[in-house]
Amino acid sequence: MILFLNILGQLWLSPVSLIGFLTGLVLQIFGQVKLIEFKENAFDWEIVGCSWLEHDRRNWTATTIGNSIFYHKKFINNKKTRNHEKRHVQQGMVFGIFFIPVYIVFSWIIKFFYKKLSPYRDNPFEKDARDYADRKEKL
């Protein structure tokens, strides 16, 4: 049953995953990223040449597009960051093609109706990913 749900989740996420993977391939052709591994349903890419992404962007560590995760080179071996991003892949497997739009809607609701909260830090998807990474770290 778990294998079936895993396959179903990957199919549900596949349009977004295709965009993420093709982005990785194009960036790899131009020497901007390198594919590290495919593990836990995700392609892990290390950003090696994108100067516009290498500088500190408010502590940016990684971003997930479908089942492709693009890590800042300083964080490629950070277990907590990897677990956080893997959780976003799992979330994407549940929400499929709607993950990014729903994520953005939550951020907008927080930004426009809850001014004292952070659209990023208080986004339910981010809170869940941080909690997941914290739980995994304690195991």
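User: Where is E40 found, and why is E40 called partly exposed?

Analyst: E40 is found in the loop between β1 and β2. Strands here are DSSP runs of E with at least two residues, helices are runs of H or I with at least four, and both are numbered from the N terminus. Buried means under 20% relative accessible area, exposed means over 50%, and partly exposed lies in between, with a 1.4 Å probe and protein chains only. E40 has a relative accessible area of 44%, so E40 is partly exposed. Its phi is positive, about 55°, although E40 is not a glycine.

User: What is this model, and how are residues numbered?

Analyst: It is a predicted model: local features need pLDDT of at least 70, side-chain atom pairs count only at pLDDT 80 or more, and totals for chains, interfaces and linings use all residues. Residues are numbered from 1 along each chain as its sequence is written, and side-chain values use heavy atoms, leaving out hydrogens and water.

User: What makes N41 partly exposed?

Analyst: The relative accessibility of N41 is 23%, so N41 counts as partly exposed. N41 is also found in the loop between β1 and β2. N41 is a residue other than glycine, with a positive phi near 65°.

User: Which residues of α1 are buried, and what covers them?

Analyst: G9, Q10, L13, V16, S17, G20 and G24 are buried in α1. The cover includes β1 (33-39), β2 (42-47), β3 (62-65), β4 (68-72), α3 (79-95) and α4 (99-113).

User: Why is F99 called buried?

Analyst: F99 has a relative accessible area of 10%, so F99 is buried. F99 is found in helix α4. Contact means heavy atoms within 4.5 Å. Leaving aside neighbours within four places in sequence, F99 is in contact with H88, Q91, G92 and F125.

User: Is F75 buried or partly exposed?

Analyst: F75 is at 24% relative accessibility, so F75 counts as partly exposed. F75 lies in the loop between β4 and α3. Not counting residues up to four places away in sequence, F75 touches W60, T61 and T81.

User: What makes a space a cavity, and what lines the largest cavity?

Analyst: On a 1 Å grid over the protein atoms alone, a cavity is a set of points where a 1.4 Å probe fits but cannot get out; lining residues have an atom within 4 Å of a point. The largest cavity holds about 60 Å³ of space. A volume is the space filled by probe spheres set on the points, which are joined across faces, edges and corners. The lining is L13, V16, T64, G66, H88, G92, G96, F99 and I100. Elements giving two or more residues to this lining are α1, α3 and α4.

User: How much space lies in the largest pocket?

Analyst: About 780 Å³ of space lies in the largest pocket. A pocket is an open set with protein on both sides within 12 Å along at least five of seven lines. The lining has 25 residues, of which A62, H84, E85, Y120 and E126 lie nearest the centre.
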